[in-house]
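Let me put the model up, and then we can walk through it together.

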Amino acid sequence: MSFQLQFENGMKTELTSFRIHKRPHVDLLTASEQQILNDFHRLYYGPAWPLVGETWHNTFWMGVNTWKCPLDLWIYQEIVWEVRPDVIVETGTAYGGTSLFLAHLCDLIGHGKIITIDIETKGNRPHHGRIEYLHGSSTSEEIRNQIKRRLPSNAKVIVILDSDHSKEHVLRELMIYSEFVSTGSYIIVEDTNLNGHPVAGHHGPGPMEAVSEFLKQNRTFRIDRSREKFLMTFNPMGYLRRVGEEEFENTSYVSRDETLGRDASKSDPLSALLEVYWTRSDLISAFPEVKDGDYKRVIQWASDVIMNRIDAHARLKPYADWYRTRTI
Ligand SMILES: C[S@@+](CC[C@H](N)C(=O)[O-])C[C@H]1O[C@@H](n2cnc3c(N)ncnc32)[C@H](O)[C@@H]1O
């Protein structure tokens, strides 16, 4: 079979199964599906602070108030299981429900501790041998030093940013805390849904905008949209995975990160597809006969395949023009 035919067949199979198997469907929602999701998200989230509703604000882990969407907590569980962190750093403790939830996960795994930081001490925080509470602002030099001192060298670290949700503060936190995160692990930016993504439209620039700004300057984190697989998340584009230099250099695809400047509520299936499939390493293993310098041509050719030949995926066509303008 010729290389071209082989590639084309591969792409057809890929596209056919893509929606089901390959990507979080959050990237491939139709406009009406996205509308349903946004409407449900706003309904669930309820009115803005301080008139908060009876959902996330009224959620408890083992009797302790936990300001989270349970679907995100399940994702936390999956990440903790995979990463098996030595330390989880949480900024913004509130009542300590998430800290306790994480500590119990670590109990089940038999490893790990939680360092959690807040400027206030709310309620009766839970006591647990794996939880350490720090008092102070998450962006202060003092807290930064305290955390540094507590992290063993080469520690596997997950960071969760959930304190002050203004853009400036979260960006500052991203700058400080990203350096603690180990390769393959995550910095989770909570509440990127604020400022109209899709809730709290009047919030002003917040976590989502901070992520966008941060990723312009940082080349070692990628948004992992597979963590949005349950569709509903308070952290859209907020699960950032630290990738190694090598992985970063070997991925020549158009990154979803770069599409952040676009309307996040619009699905962007082509770039999503590229993210998954057309990484340099995928191409090398799928088509070892292709010479190094030819990848750009191959990718261009494949975008032609999508644009011209796979009618079932006509929805991809509008994105092809945009894609052509990008530098690989
Ligand atoms: C959204 S709540 C945290 C919810 C908590 N992580 C949970 O899952 O239940 C935000 C918390 O951040 C704290 N906070 C606000 N500004 C802060 C700062 N500069 N440094 C540390 N904590 C801060 C607030 O006191 C508040 O308790």
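So, helix 6 against helix 7: Lys 167, Val 170, Leu 171 and Leu 174 in helix 6 meet Pro 207, Glu 209, Ala 210, Glu 213 and Phe 214 in helix 7. Contact here means C-beta atoms, placed from the backbone, within 7 Å. Helices are DSSP runs of H or I, at least four residues, and strands are runs of E, at least two, both numbered from the N terminus. By class, that contact has six nonpolar, no polar and three charged residues; Ala, Val, Leu, Ile, Met, Phe, Trp, Tyr, Cys and Pro count as nonpolar, Asp, Glu, Lys and Arg as charged, and the others, Gly among them, as polar.

Before I go on, this is a predicted model: local features need pLDDT of at least 70, side-chain atom pairs count only at pLDDT 80 or more, and totals for chains, interfaces and linings use all residues. Residues are numbered from 1 along each chain as its sequence is written.

How do the axes of helix 6 and helix 7 cross? They come within 8 Å and cross at roughly 45°, with axes fitted to C-alpha atoms, for helices over the stretch in contact, and angles running from 0 to 180 degrees between N-to-C directions.

Strand 3 and strand 6 pair in the parallel sense over five bridges, and Glu 90 has Ile 160 in strand 6 as its bridge partner.

Conventions: Contact = placed C-beta atoms within 7 Å. Pairing = 2+ DSSP bridges.
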